[in-house]
Amino acid sequence: MRPPWFRGAFVRCRVFRFLSPKLGAGWLLLVLFTSLAVAQQPAAPPPAVPPAPLPSPPPTFPTTPQAPAAPHVPTPGTAPPIPQEALPAPTPEAPAAPEGARPALPPRPAPAAAPALSPVERLLAGRLPEPAAPLRQFGYDLFAQPPTTFAPVTNVPVGPDYVLGPGDTLNIVLWGNVPEQTWQVEVSRDGTVVLPRLGVVPVWGLTLEQAQRLLQQRFSRFLTEFQLAVTLGKLRTLLVYVVGEVQQPGAYTVSALSTVINALFASGGPSKNGSLRRIELVRQGRTVHTLDLYDFLLRGDKSQDRTLQPGDTIFVPIIGPVAGVAGNVKRPAIYEITPGTTLQQLLELAGGITPAGYRQRVQVERFVANEKKVVVDLDLSTPPPAALWQTPIADGDLVRVFPVETQPENVVELRGHVRRPGHYELKPGMRLRDLLPSYEALLPDPYLEYGEIVRYVPPEGRRVVVPFNLGAVLAGEAPHNLPLQPLDLVRVFARSEFVDPGLVRVSGLVHRPGVYPLTEGMRVRDLVLRAGNVHKFAYLERAELTRLLRQDGTQTAIRLELNLRRALAGDPEHNLPLQDLDHLLVLQQPELDLTQEAVLPEAEPGVPRVPPVHPLLAADQKESEALRRAGILVEQTVELRGEVRFPGVYPILKGERLSSVLRRAGGFTAEAYLRGAVFTRESVRRLQEQRLQELLHAEEQALLAAAAAEAAGALSPEEVQGRRQELEARRQLIERLRAVRPEGRVVIRLRPPEELAGTPDDLELEPGDRLVVPQLPRHVTVVGQVYNPGSLLFVPGQTLDDYLQQVGGPTREADRREIHIVQADGTVLSARQSRHPVRNANGQIVYVASLDEVPLQPGDTIVVPRRVRTPATLRATRDIVQILFQSLSTLAVVAALL
């Protein structure tokens with residue numbers, strides 16, 4: 001294999017041998033000085049680090065996934081890291097709003113969830129409780145809210161039967177025939193109070209009323225005609241204990257007025273493992289009272305509640321036997337039962353069976369001897385007392401009350417096109433005429449030829465449909481007045497469900513163009529007035545009425561012309577009666593410049609034009625969607641804009657050509673510039689978009705391949721930089737191509753309608769085609785690498801060079817070999833063509849040999865592109881200069897030696 005230096009020397013020798021006989025002395029001297037200047041520049045040292053990688057491919061290309069991060073191991077003695085799932089989602093910082101912009105509105109709060117239905121609400125709504133629904137333990141939700149404070153209860157009224165004890169404060173007021181005096185004394189630990197002149201008075205164990213009588217008696221020994229009042233001030237506090245199966249067992253400080261229930265609330269209440277029916281009050285080592293909270297929960301009876309004393313203990317034992325009641329009872333739940341509880345008592349705890357409960361089948365599930373589970377069905381339809389009602393309930397029993405059949409038996413149902421649908425009582429001998437007595441029971445426009453009865457035939461309940469003639473029933477014909485049976489469903493239909501509604505369409509210069517229902521006797525004038533009358537720019541001397549004719553299974557279309565002015569005046573010759581699917585087109589005044597948005601908004605690309613639907617049809621969404629699926633409401637139209645006499649949207653027939661629509665539009669105006677007409681087609685636009693996507697995909701693949709090839713090769717820093725710029729330029733080109741939106745333009749040679757007919761340019765039209773004819777332009781545009789790009793006044797006969805001279809000519813960056821002309825009709829002339837076809841004003845085509853001699857036409861554009869300098873070109877220029885310098889240096893050395 002030859003070394004690299006051998007290949008470089010060989011190339012230099014070949015270049016020198018080729019250039020030496022052709023270069024003069026002056027040229028060789030210039031090359032010599034240039035070579036010396038290049039040689040004096042220090043050579044770039046070899047890179048100390050590998051060259052920078054090439055630019056990453058666009059985001060749409062696949063990338064290498066990153067390795068997962070190592071799991072975090074907490075340091076001993078530190079708190080473990082909080083998992084990301086437990087943290088709130090970070091709120092992204094919103095970008096700063098530009099000055100003067102309106103602040104973003106805060107997000108709307110989520111709507112509150114609808115409250116769950118109560119059992120009574122579910123019952124009346126027809127949603128019967130499911131017997132297998134999950135149950136909850138009864139009574140424990142009373143203590144569901146945690147206590148807000150454990151402070152002693154003091155803000156309560158004190159009755160005369162309050163028993164005094166150490167720590168209580170007495171307020172004593174003395175008045176009357178004595179100086180008014182007030183004392184506030186506290187009951188000491190030995191149960192006494194100390195008062196002036198009375199000394200020590202024992203009050204421990206006395207009620208408040210007894211203490212007042214005692215003091216009244218003591219003061220009466222030395223006072224007369226006086227009044228005495230004793231009230232209780234500060235209450236003493238008690239320390240009690242709450243233990244057992246409670247939420248928060250412990251010692252609690254409560255007021256002297258607190259009871260067992262107060263202490264239970266302070267401790268959070270019994271847990272679901274604790275009993276609500278056997279709460280014990282233990283005092284001095286023995287149980288002095290047992291509280292059953294069911295009396296309080298079911299009847300509000302607090303007579304069993306007891307006042308606490310210092311050192312009392314409230315003990316909540318483990319829960320006793322339980323039984324559940326599910327299904328159609330007023331309060332399904334799990335209840336704690338006492339020994340000997342019967343089925344009747346358990347159902348009374350659950351509030352009793354609802355009216356929707358099926359008494360003939362009440363099911364009891366029971367565990368037997370810790371070995372098996374059995375199910376027993378009971379018939380409770382007989383009133384109590386019966387043996388079944390007294391069935392004893394065991395621990396773990398589950399009673400299920402199933403619902404009755406919700407479907408009424410003595411009813412018939414009326415549905416459909418009627419005023420009052422719903423269930424009706426089935427009376428003896430009831431017939432159809434009793435359910436539908438007259439036309440007043442029906443909605444407008446019913447279908448009289450057909451109705452049906454959906455019937456379930458016993459004994460197997462087979463479903464059959466019995467048809468009837470609604471018109472004959474309403475007329476009183478006896479054979480059609482069928483008898484009704486239980487659970488019959490009678491259906492009445494609207495006429496529109498069987499007969500396609502008549503539709504007519506109006507478009508063009510009316511205030512509300514669209515589709516309207518065809519009513520009986522409707523004429524052209526009626527349709528125009530229903531559409532809001534004509535626009536002020538409407539052309540009243542002529543209008544078009546397109547009509548579909550069906551005969552022998554074939555469909556043809558005819559077009560009728562009428563005088564709209566005379567039709568609006570009521571002239572029967574022009575105010576024609578309308579038929580189904582007629583289409584009236586109201587033209588605009590000839591040669592009137594109206595913007596498209598002021599008449600008909602343009603549909604989005606790729607979306608077919610669909611006219612608006614009349615509110616009578618839009619209200620029936622089902623019917624409207626069916627008509628759209630059938631294609632009846634899809635507009636089969638083309639659009640003419642610009643310099644035509646009657647611009648607008650024109651309905652077309654199958655096979656109609658461009659010349660036909662142009663004749664209907666009145667031809668072109670005097671200002672029409674046919675050479676610059678733009679004809680677009682939706683099918684072509686879709687095809688162009690598909691081809692553009694294929695090109696983008698191919699370019700992306702080529703860019704990836706080029707990046708991979710350059711990354712694998714050994715390149716100098718200059719080559720890396722050049723390749724990086726080249727790849728970036730290609731990437732920018734791809735992004736620009738993504739922003740391109742094809743318009744679907746088809747280049748045609750447009751002529752007057754009579755000349756266009758029969759030529760290849762007389763295209764067969766497709767729905768959605770659009771033709772825009774501009775006015776005659778007066779300028780030629782020059783863009784690209786020229787000194788003053790812009791538009792120049794058109795001068796007949798001037799060529800490419802003439803217009804380039806007017807803008808200063810091409811710049812140094814211009815690529816003169818790629819200058820081209822984009823003509824107004826969409827064709828392109830470039831220097832790479834051997835002959836350049838030019839169409840004169842009279843339509844004749846003349847071929848010009850040189851691009852510089854092509855006479856430009858109005859609306860043409862001259863494009864002067866930029867010269868592209870690639871890294872390969874720069875590298876080749878550097879190599880040639882280096883070869884020349886080394887060769888001349890060698891000749892100078894040889895000459896010196898000689």
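Two strands pair if DSSP finds at least two bridges between them. Strands (E, at least two residues) and helices (H or I, at least four) are DSSP runs, numbered from the N terminus. The views below come from a predicted model, in which local features need pLDDT of at least 70 and side-chain atom pairs count only at pLDDT 80 or more, while totals for chains, interfaces and linings use all residues. Residues are numbered from 1 along each chain as its sequence is written, and side-chain values use heavy atoms, with hydrogens and water left out.

View A. Strand β16 covers residues 411-416 and strand β17 covers residues 422-425; the two pair in the antiparallel sense over four bridges. V411 has E425 of β17 opposite.

View B. D762 sits in the loop between α18 (753-756) and β30 (770-773). D762 is buried, that is, under 20% relative accessible area, where over 50% is exposed and in between is partly exposed (1.4 Å probe, protein chains only). D762 has no salt bridge, a term for a side-chain nitrogen of Lys or Arg within 4 Å of a carboxyl oxygen of Asp or Glu. R657 is the nearest side chain of opposite charge, 5.0 Å away (Lys and Arg count as positive, Asp and Glu as negative; His and the chain ends are not counted). The D762 side chain does reach the backbone nitrogen of L658, at 3.2 Å. Leaving out residues up to four places away in sequence, D762 touches R657, L658, S659, L756 and A757 (contact: heavy atoms within 4.5 Å).

**View C. The aromatic pair F143 and F265.** The whole structure holds ten aromatic pairs. F143 and F265 form a tilted pair, 4.9 Å centre to centre with 50° between the planes. This pair links distant parts of the chain, with F143 in the loop between α3 (119-124) and β1 (169-176) and F265 in helix α5 (residues 260-266), 122 residues apart. F143 is buried at 8% relative accessibility, whereas F265 is partly exposed at 33%. Rings of Phe, Tyr and Trp (its six-membered ring) pair if their centres lie within 6.5 Å; planes under 30 degrees apart count as stacked, over 60 as edge-to-face and the rest as tilted.

View D. F493 and F498 pair edge-to-face, 5.4 Å centre to centre and 80° between the planes. F493 is buried, because its relative accessible area is 14%; F498, with 39%, is partly exposed. Together with Y447 and Y450, F493 and F498 form one aromatic cluster.

Terms used. Polar contact = N/O pair within 3.5 Å; in protein donor to acceptor, adjacent residues only side chain to side chain.
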